[in-house]
Amino acid sequence: MCFGKWRLWASSLVLAVCVFAAGNARSADRDNCAALTARTVRSTTTATIVERGMAPGAPGQLSISLPAYCRVTGIVRPVRGSEIGFEVWLPLSGSWTGRLQMFGNGGYSSDLPLGQMAHGLARGSVVVATDTGHKGDDPDFALGHKQAIADWGYRAVHESVVEAKRLMRHLYGRPAVHAYFNGCSTGGHQALMEAQRFPGDFDGIVAGAPGADRVRLNAAFLWQFLSNHRPGGNLHPKLGAQDLALLQRASFLACHESNGGAAGGDKSDTWLNDPTQCRFDPATLACPQEVGSACLSQEQVKVAQLMYSGARDSRTGKIVTTSWLPGSEKGWAAYWADPRNPTQPARANFWRVWAFGDPQWDWWKFSYDRDLPWVRRKLSPLIDATDPDLRRYRRRGGKLLQYHGLADPVVSPLDSIHYFSRVEAVTGARLIADWYRLFLVPGMGHCGGGEGFWRFDAQPAIEAWVETGSPPQSIEAAGSTGQGTRLLCPYPAKATAAVNGSGERLHTCAVSDPKRNLL
């Protein structure tokens, strides 16, 4: 199967589509699919049958076989200056399960998650994705395109799923029985934004590692860069990869004794099962005299302390960014500098273009006292998904399953914990488990990977919750080859080990504080 590329022809976006010649679709299917091609002032769609064949998966994965389906590519223009691209893949009527599933994006990229879409289609769902209203993967896409910020921030997912539902009604003559959204990182941000702003769009939402507090997240990346460089020394970080590995090893040794006990998991785990309770002091690594490879200089200790604590408002003393947890240190270097230009901070164009509109913006002059509040007032209403009032989503029967790796070096899991607590304060602890559950994943990095048990699929859990009313009491996750499986538990429960009557060591979900038992 060939998937085309978006191309700019005469100011209109057109998708070059490769179509199989094999005749696996009925004539009526072809006609019904072709009827979805339309052009209006607001939207443009092109529809064609793609015959039975293979679809590309994510890099490193095997391709999967797909049935014939109707592929619609489109553009929707909800306001002047907005141009949101989307794709909808619709199974032929006999193989549709009645489900709609939309998948989220990553970072600032316009790439569609084709591998996830293919898996969803193979399960019989109508699948949807959007380019978030731009092309490219850097925040500079907003240069000269002010509406693209709102498109990326909240509008593209909503407008795309509205178009998908319209197309479904035309093709099938009826709406979806159930609609789902599933995304991680920026996809998790999109997930929470949908629950907050458009509670009627999806019945079930899976939000992984949401980069939802986006302004403060980029301010945290900037803090790491500023803390780790001397002014003018943009190419010479004070802490390098070897130092981060040293910090991670030392924080594990300082806090791993709680593994198998209060932190959950097993004593033998090589990761921290509850790093939120780890109080590691990097000063324990200070070199006694001469700097060596197994210790840190006093300057490096200070840098590490700044990174563990987060940025502080110098006037009030208040911490204004969310810090990362012990156990995630090895991954910090990926987001303090721009990988394409390590002489500047990560996401520098977010500040240049979105925040200040200044191509000469100097990050060394950034003030967390003055500039961060100003930028939050300007951009947070457009791009932050932090509103804890989800009562509209709860009242319409929506279910929200959130997960986050406890070794995430990109979006701190504290963001998810704090958000859950704020939602709980608004809706009440007694009711929250009926519609919202957070799963923390020990040893997992950003959206996957790591030493822990991180291979799991949340989609069956959210479908069972929505369709049968069965909330997930746990999710079984696999580790690396030979590790077996372990339970992921709804917060605040943790997987604790016990030996049954047959001598087998099993894990169950338990809450250490009975006052916090939400299950």
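A polar contact is a pair of N or O atoms within 3.5 Å; within protein, one must be able to donate a hydrogen and the other to accept it, and residues adjacent in sequence count only if both atoms are side-chain atoms. The model is predicted, with local features requiring pLDDT of at least 70 and side-chain atom pairs pLDDT 80 or more, while totals for chains, interfaces and linings use all residues. Residues are numbered from 1 along each chain as its sequence is written, and side-chain values use heavy atoms, leaving out hydrogens and water.

**View 1. The surroundings of Asp266.** The side chains of Asp266 and His507 form a polar contact of 2.9 Å. Asp266 belongs to the loop between α6 (241-255) and α7 (298-309); helices (H or I, at least four residues) and strands (E, at least two) are DSSP runs numbered from the N terminus. Asp266 counts as buried because its relative accessibility is 11% (buried is under 20% relative accessible area, exposed over 50%, partly exposed in between; 1.4 Å probe, protein chains only). Beyond four places in sequence, the residues that Asp266 touches (heavy atoms within 4.5 Å) include Asn259, Arg486 and Arg505.

**View 2. The surroundings of Trp454.** Trp454 is located in the loop between β16 (436-441) and α13 (459-468). With a relative accessibility of 22%, Trp454 counts as partly exposed. A polar atom of the Trp454 side chain lies 3.3 Å from the backbone oxygen of Gly450. Leaving aside neighbours within four places in sequence, Trp454 is in contact with several residues, among them Val441, Met444 and Ala477.
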